[in-house]
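Okay, thanks for coming, everyone. Let me put the model up, and then I'll talk through a few spots in it.

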Amino acid sequence: KLALRFSAINNSFPRYSFAAVYSSLNRLEQGITPQISPLEFRDSFVFVGMSAPGLLDLRPTPINPKAPGVEVNATTLDNLLNNKFISEFSHLQNWLFATVFIICSSMAIFFSSSASLQILLCLLSISAIILSSFAFVLSGLWVQLVVALLTNFICMLLSVAEQYRLEG
């Protein structure tokens, strides 16, 4: 599966109002310097869209909850031309990712003697999962964070319970 990689900058594509483009065309035909140079559109893909809230073409994106729908189309074309899609981990890869942290967390809990050290190790494990998933996203891979966090949390609880049961 592929997901769109939106630019971190809101309104990352140049936008021009239709009125300004039309006015520039009229001025150009009259021999007057236009507001918008025709060179702005040379060797470009042009999308025509609406951005007024009343026209109901606003779409939620990861960057902007009310982005014009044409922004999604432009992002799709940008991802296609530059091969910038985000690839999703397969189910097997997600489970392997989670398993690595499950094993590390369980071993750390079983081999630590104090409760404060166990809590610290649990927090470090959760932080490591979150930071590594951010690293994956920056490299173009999407990890299902919920699977890793939930399985790791359940495993940590079971490990602590088992350790106390054995000592009790």
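One term before we start: buried means under 20% relative accessible area, exposed means over 50%, and partly exposed is in between, with a 1.4 Å probe and protein chains only. Keep in mind that this is a predicted model, where local features need pLDDT of at least 70, side-chain atom pairs count only at pLDDT 80 or more, and totals for chains, interfaces and linings use all residues. Residues are numbered from 1 along each chain as its sequence is written, and side-chain values use heavy atoms, leaving out hydrogens and water.

So, Asn83. It has a positive phi of about 50° although it's not a glycine, and it counts as exposed because its relative accessibility is 66%. You'll find Asn83 in the loop between helix H2 (69–82) and strand S4 (86–88); helices (H or I, at least four residues) and strands (E, at least two) are DSSP runs, numbered from the N terminus.

Asp43 is another non-glycine with a positive phi, about 55°. At 79% relative accessibility, Asp43 counts as exposed, and its loop runs between helix H1 (18–29) and strand S2 (58–59).

Now over to H4. It has 24 residues and reaches 35 Å from first C-alpha to last, close to the 34 Å expected, where the expected span is 1.5 Å times one less than the number of residues. Its buried residues are Gln118, Cys122, Ser125, Ile129, Ser132 and Ser133. Those pack against helix H3 (91–110) and H5, with contact meaning heavy atoms within 4.5 Å. After H4 comes Gly140, with a positive phi near 95°.
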